Amino acid sequence: MRFLLLLMAASMVTMQSCSYAKANQQVVVSDDCGMTWKKVNIGDAVPKGVGNRCFMKVVMPNFPMQGDSRFVSNFKDRVRAAVHIDYDYSIIDPLAFIKQAKFLGKANTDADSDDALNPSAFEGAENMVIDKRIRDVSKDILLEEDIVELDQAKLEEHLYVESNKILEPLGIRLNFITLTFDLDEQTRQAIDVATAMKIYQSKALEDVGKSVISARAGATKVTVDNRPAAAQVEQ
């Protein structure tokens with residue numbers, strides 16, 4: 001009877017000390033200081049690595065995460081604009097991803113912790129793995145785009161497809177991207193003029209359009225400041 005109780009107690013301690021890979025996590029482990037990695041399947045026990053100084057474990061989120069990329073790029077005809085890309089991504093192959101971001105293994109201060117890495121730990125990985133690829137793909141695509149006539153939805157789709165061709169072999173898949181352009185005042189005015197001229201030309205009013213645009217360009221720009229005047233200081 002005493003032996004049975006001891007056996008049950010030992011079993012309970014063993015069960016409590018074991019951790020298992022959960023559905024919302026992707027667990028990879030290494031017993032040679034990150035030289036090679038293996039994935040722990042969902043529901044399987046995660047190795048402890050007791051006594052092995054080279055044991056490493058990285059617990060990655062198994063759900064979509066968000067990131068963004070900001071850079072300046074050239075469009076067709078040397079038009080420059082600040083580009084802001086928001087994206088949503090998932091880690092689809094943790095073994096391929098960890099090879100690109102080995103430094104994530106250092107982020108686990110306790111190799112036996114059950115916690116996944118804080119999303120902020122992936123900021124470096126985003127910069128090194130994702131942002132760089134998106135930026136390179138974007139700059140090549142935007143060079144062929146006329147900023148006056150571009151279709152933003154088609155451009156986002158094109159960028160999404162081409163970026164995933166490069167990122168998927170690295171264990172990453174973009175779920176969606178959103179583009180935003182920040183143009184200077186002169187570029188915005190040029191786009192307005194080009195758009196207006198296309199409308200005038202379509203109505204056979206090109207000369208009228210030139211006159212209107214010329215008059216508008218020479219008009220004085222008035223800025224109205226509605227802020228209340230500062231109170232005068234009494235002497």
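Three strands, in the order E2-E1-E3, form an open sheet with antiparallel pairing. The model discussed here is a predicted one.

Trainee: Which are the edge strands of this sheet?

Mentor: The order of the strands is E2-E1-E3, and the sheet is open. Neighbouring strands are turned against each other by 30 degrees on average, direction ignored. Those that pair on one side only, and so stand at the edges by the rule of this sheet, are strand E2 (38-40) and E3.

Trainee: What is the bridge partner of Val28 in E2?

Mentor: Strand E1 (residues 25-30) is joined to E2 by three bridges, and the two strands run antiparallel. Within E2, the residue that partners Val28 is Lys39.

Trainee: In the open sheet with the order E4-E5-E6, why is one side of E4 and of E6 left without a neighbour?

Mentor: This sheet has three strands with antiparallel pairing. Its twist averages 25 degrees from one strand to the next.

Trainee: How many bridges pair E5 with E6, and which residue in E6 stands opposite Asp86?

Mentor: Strand E5 covers residues 80-91, and its pairing with E6 is in the antiparallel sense over ten bridges. Opposite Asp86, the residue in E6 is Thr178.

Trainee: Which helix lies across E4, E5 and E6, and which lies across E5 and E6?

Mentor: The helix that runs at about 40 degrees to E4 covers residues 123-142 and lies across E4, E5 and E6. The helix of residues 152-167 runs at about 140 degrees to E6 and lies across E5 and E6. In that sequence, the names asked for are H3 and H4.

Trainee: Where is the kink in H3 centred?

Mentor: Several residues of H3 are buried, among them Ile130, Asp131 and Ile134. What covers the buried residues of this helix includes E4, E5, H2, H4 and E6. The kink is of about 35 degrees, and the residue on which it is centred is Asp131.

Trainee: Is Ser163 buried or exposed?

Mentor: Ser163 has its place in helix H4. Leaving aside neighbours within four places in sequence, its contacts are Ile134, Val137 and Leu174. Since a residue counts as buried under 20% relative accessible area, and Ser163 has 2%, the word for Ser163 is buried.

Trainee: Is His158 buried or partly exposed?

Mentor: His158 is also found in helix H4. From Ser138, 20 residues away in sequence, His158 is 9.5 Å apart in space, C-alpha to C-alpha. Because its relative accessible area is 37%, which falls between the limits of 20% and 50%, His158 is partly exposed.

Trainee: Which element gives the most residues to the largest nonpolar core?

Mentor: This core has 36 residues, and those that touch the most other members are Ile85, Tyr87, Tyr89, Phe97, Ile130 and Leu174. Two or more residues come from each of strand E3 (56-61), E4, E5, helix H2 (94-100), H3, H4 and E6. With seven residues, the element that gives the most is H3.

Trainee: How many residues does the second, separate core have?

Mentor: Ile85, which belongs to the largest core, touches residues including Phe71, Ile134, Leu159 and Ile177, not counting those up to four places away in sequence. The second core is separate and includes Val29, Val40, Val46 and Phe55. Its number of residues is seven.

Trainee: How many residues apart are Phe75 and Phe181?

Mentor: A search of the whole structure finds two aromatic pairs. Phe75 and Phe181 form one that is edge-to-face, with 5.3 Å centre to centre and 80 degrees between the planes. The pair links distant parts of the chain, with Phe75 in the loop between E4 and E5 and Phe181 in strand E6, and the separation is 106 residues.

Trainee: What is the angle between the planes of Tyr87 and Tyr89?

Mentor: Both Tyr87 and Tyr89 are buried. They form an aromatic pair that is tilted, with 6.0 Å centre to centre, and the angle between the planes is 50 degrees.

Notes. Residues numbered from 1 in each chain as written. Predicted model: local features only at pLDDT ≥ 70, side-chain atom pairs only at ≥ 80, totals over all residues. Heavy atoms only, no water. Pairing = 2+ DSSP bridges. Helix = DSSP H or I, 4+ residues; strand = E, 2+ residues; numbered from the N terminus. Axes fitted to C-alpha atoms, helices over the stretch in contact; angles between N-to-C directions. Contact = heavy atoms within 4.5 Å. Buried < 20%, exposed > 50% of the residue type's maximum accessible area, 1.4 Å probe, protein only. Core = buried A, V, L, I, M, F, W, Y, C linked by side-chain atoms within 4.5 Å. Phe/Tyr/Trp six-rings, centres within 6.5 Å; stacked < 30°, edge-to-face > 60°. Bend = angle between axes of the 7 residues up to and from the residue.
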